[in-house]
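Here is a short briefing for a first look at this structure. Start with the view below, then work through the topics in turn.

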Amino acid sequence: MKRLKRVAAIHDISGFGKCSLTVALPILSAAGIETTVLPTAVLSTHTGGFSGFTYRDLTEDMAAITAHWKSLGISFDAIYTGFLGSFEQLDLVNCFFDEFKADNNTILVDPVMADNGALYKIFSPEFAVGMRKLCERADIIVPNLTEAALLIGEKYNPGPYTEIYITDILKKLSDLGPKKVVLTGVFFDEDQLGAATYDAIQNEIAYTFEKRIPGYYHGTGDVFGSALLSAILNDFSLNESAAIAVRFTASSIQKTAAAGTDVRFGVNFEQTLPELLKDLRLI
């Protein structure tokens with residue numbers, strides 16, 4: 001049998017409300033990938049739509065965990081970062097890259113900080129500058145359109161978009177440093193929603209769409225990013241991986257809508273895992 005590939009997933013943990021590590025860990029594991037977790041914080045619930053949640057910052061633990069792993073000689077096929085709660089955590093992740101980046105592994109940064117045209121309330125504009133520095137070191141970045149605008153210092157455009165506009169955004173994002181960009185929340189009309197990919201090495205741009213499902217569903221960015229990395233580490237191309245991730249995310253949303261699940265609780269990705277594994281040719 002082939003050696004298991006190993007990912008270091010650097011995200012927060014929300015005890016209730018499917019997102020971050022409670023999404024990344026099961027999706028990557030189901031895809032046959034050993035998933036090592038470096039938690040950035042522990043919350044009782046995620047922050048979208050809930051009040052009174054608890055929050056325990058794990059900044060003080062991150063450097064010690066990194067040092068311990070380094071002492072064990074652990075290596076990773078990919079490093080996958082998501083929600084980071086402070087400037088100090090940005091610096092600690094940069095240090096993690098210093099310790100574990102190698103010529104034969106991949107850094108995927110999901111610059112979680114904004115959506116729907118605005119920064120999340122806990123972040124300042126200066127945080128976007130710090131996140132940009134992290135993206136400069138990535139091999140692949142996965143921003144939404146709001147995060148993309150912040151990263152390149154442009155005004156947010158709510159869409160619909162044109163191919164000319166999306167091409168310009170993709171290339172400006174790649175100019176920051178990453179050779180591969182996956183841009184989410186792309187649509188050319190109101191009926192479809194998906195992602196655009198740019199491989200700067202191959203100079204290839206591609207699009208993948210599914211039927212738009214009305215509403216806003218929490219945690220879908222983490223579902224998408226985890227499925228994307230699962231496909232990449234199972235040797236699919238960037239565009240194939242994005243198409244797999246879009247299908248998986250859309251199908252998870254469809255099941256959530258059909259079940260009438262409270263959208264704050266996250267999407268029913270668990271019921272969609274068999275579809276993902278078929279797409280990945282694992283079953």
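Pro-160 sits in the loop that links helix H5 (145–152) to helix H6 (163–175). The peptide bond leading from Gly-159 into Pro-160 is cis, and its omega is near 0°. Most peptide bonds, by contrast, are trans. Keep in mind that this is a predicted model.

**The sheet**

- Nine strands make up an open sheet. Their order is E3-E2-E1-E4-E5-E8-E9-E10-E11, and the pairing is mixed.
- Strand E3 (55–57) and strand E11 (204–211) are at the edges. Each has a single partner strand, so one side of each has no neighbour in the sheet.
- Strands of a sheet pair through backbone hydrogen bonds, in a parallel or an antiparallel way.
- Strand E10 (residues 192–199) and E11 run antiparallel, joined by eight bridges.
- Tyr-198 faces Ile-205 of E11 across this pairing.
- Four residues lie between the strands in the hairpin of E10 and E11. In this hairpin, Asn-203 has a positive phi near 55°.

**Helices across the sheet**

- Helix H8 (residues 238–259) lies across strand E9 (180–186), E10 and E11. The angle between H8 and E11 is about 15°.

**H3 against H4**

- Two packed helices are described by the angle and the distance between their axes.
- The axes of H3 and helix H4 (residues 125–136) come within 10 Å and cross at roughly 5°. That angle makes H3 roughly parallel to H4.
- H3 brings Phe-87, Leu-90, Val-93, Asn-94 and Phe-97 to the contact. H4 brings Glu-126, Phe-127, Gly-130, Met-131 and Leu-134.
- Sorted by class, this contact of H3 with H4 holds seven nonpolar, two polar and one charged residues.

**Nonpolar cores**

- In soluble globular proteins, nonpolar side chains tend to be buried together.
- The largest nonpolar core here has 44 residues. Phe-96, Val-109, Met-131, Leu-173 and Leu-183 have the most contacts inside it.
- H3 contributes the most to this core, with six residues.
- Leaving aside residues up to four places away in sequence, Val-109 touches Thr-81, Phe-97, Met-131, Leu-134, Cys-135, Ala-138, Ile-140, Ile-141 and Val-142.

**An enclosed helix: H5**

- Is H5 largely enclosed or largely open? Seven of its eight residues are buried, so H5 is largely enclosed by the rest of the structure.
- The buried residues of H5 are Leu-145, Thr-146, Glu-147, Ala-148, Ala-149, Leu-151 and Ile-152.
- These buried residues pack against E6, E7, H4, H6 and E9.

**A buried serine: Ser-241**

- Ser-241 is part of helix H8.
- Is Ser-241 buried or exposed? Its relative accessibility is 0%, so Ser-241 counts as buried.
- Ser-241 touches Leu-228, Ala-231, Ile-232 and Phe-236, with residues up to four places away in sequence left out.
- Thr-197 is 44 residues from Ser-241 along the chain. Their C-alpha atoms are separated by 9.7 Å.

- Most residues other than glycine have a negative phi.
- Asn-116 is not a glycine, yet it has a positive phi of about 50°. Asn-116 lies in the loop between strand E6 (114–115) and strand E7 (118–119).
- Asn-116 counts as exposed because its relative accessibility is 57%.
- Arg-281 also has a positive phi, near 60°, and is a residue other than glycine. Arg-281 falls in the segment after helix H9 (273–279).
- Arg-281 counts as exposed because its relative accessibility is 67%.

Technical notes:
Residues are numbered from 1 along each chain as its sequence is written. This is a predicted model: local features need pLDDT of at least 70, side-chain atom pairs count only at pLDDT 80 or more; totals for chains, interfaces and linings use all residues. Side-chain values use heavy atoms; hydrogens and water are left out. Two strands pair if DSSP finds at least two bridges between them. Helices (H or I, at least four residues) and strands (E, at least two) are DSSP runs, numbered from the N terminus. Contact means heavy atoms within 4.5 Å. Axes are lines fitted to C-alpha atoms, for helices over the stretch in contact, and angles run from 0 to 180 degrees between N-to-C directions. Angles under 35 degrees count as roughly parallel, over 145 as roughly antiparallel, 65 to 115 as roughly perpendicular and the rest as oblique. Ala, Val, Leu, Ile, Met, Phe, Trp, Tyr, Cys and Pro count as nonpolar, Asp, Glu, Lys and Arg as charged, and the others, Gly among them, as polar. A nonpolar core is a set of buried Ala, Val, Leu, Ile, Met, Phe, Trp, Tyr and Cys residues joined through side-chain atoms within 4.5 Å. Buried means under 20% relative accessible area, exposed over 50%, partly exposed in between (1.4 Å probe, protein chains only).
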